[in-house]
Amino acid sequence: MPFTPYHFGPSGFLGLVFRKWIDIPVFVLANVIVDVEVLVVMIFGLGWPPHRYCHTLLIGGVVGMLWGIAAYPLRHIFKKIMRIFHIPYKPHFLKMVISGIIGVWLHVLIDGFCHIDLRIFWPSKEFNWSFTPLGIITYIFTGHIYRNVISIKELETICIAFFFASFIVYIIILLTSKKNVVKNKMSKEE
Ligand SMILES: [Zn+2]
């Protein structure tokens, strides 16, 4: 993690902005579900670092895909919830599966900025050591790997900023959908 709720910020923001292509509930919840791994490793004292198998692109992608498939029968519940929030919602199987995968990937990338036990490209031998996405970026540009350059506190602040940004996007969605309702009403009356 950063503590799981912080993931609501970036996932909510990206989900709302790209809502035409992303299934928001599946995407956002994928960001939560993947941290079950951390809980399980800690509670059962499994003896390996908490961000291990599900916190990789490979296994994480599979987890996200399975979550997308499992979420498909729940689409009617999601529809009701989205209606309460007045967010347009059109569920589609493939969209749900892809949203599950990229939801987990987003989580893994964000976690990778501050957890050195995370191995994004596992089981690649070449990258068989802990490093962060920022480490990869700095490696590409400078040839050096800077690990753990962002503190958890800094990352949490960024996540909170995204939370406020998603709130602004949400208000814009509400205002534009209201405008459209008024427009449709007027054109029907003409
Ligand atoms: Zn995590």
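**Figure 1. Confidence across the predicted model.** The protein averages a pLDDT of 86, and 87% of its residues score at least 70; pLDDT is the predictor's confidence in each residue, from 0 to 100. Confidence is lowest in helix α7 (residues 133-142), with a mean of 69, and highest in helix α4 (residues 57-71), with 97. Because this is a predicted model, local features need pLDDT of at least 70 and side-chain atom pairs count only at pLDDT 80 or more, while totals for chains, interfaces and linings use all residues. Residues are numbered from 1 along each chain as its sequence is written.

**Figure 2. The overall fold.** Welcome to a protein with eight helices and zero strands, which reads α-α-α-α-α-α-α-α along the sequence. Helices (H or I, at least four residues) and strands (E, at least two) are DSSP runs, numbered from the N terminus. Of the 190 residues, 32% count as buried; a residue is buried if 20 or more other C-beta atoms lie within 10 Å of its own, exposed if 12 or fewer, and partly exposed in between, with C-beta atoms placed from the backbone. Among contacts with a separation of 6 or more, 69% come from residues 24 or more positions apart, where a contact means C-beta atoms, placed from the backbone, within 7 Å.

**Figure 3. Helix α1 under cover.** Take a look at α1 (residues 8-17), which is mostly covered, with eight of its ten residues buried. These are Gly-9, Pro-10, Ser-11, Gly-12, Phe-13, Leu-14, Gly-15 and Leu-16. Their cover includes α2, α6 and α8.

**Figure 4. The buried side of helix α4.** The 15 residues of α4 reach 20 Å from first C-alpha to last, close to the 21 Å expected at 1.5 Å a residue; the expected span is 1.5 Å times one less than the number of residues. Buried here are Gly-60, Val-63, Gly-64, Trp-67, Gly-68 and Ala-71. They cover an arc of only 140° around the axis, so they sit on the same side of α4; the arc is that of the directions from the helix axis to the C-beta atoms. An α-helix has 3.6 residues a turn, so residues three or four places apart point the same way. The buried residues of α4 pack against α2 (24-33) and α6 (93-112).

**Figure 5. Ile-150 in its loop.** Ile-150 lies in the loop between α7 and α8 (152-189). Ile-150 counts as partly exposed because it has 17 C-beta neighbours inside 10 Å.

Technical notes:
Two residues are in contact if their C-beta atoms, placed from the backbone, lie within 7 Å.
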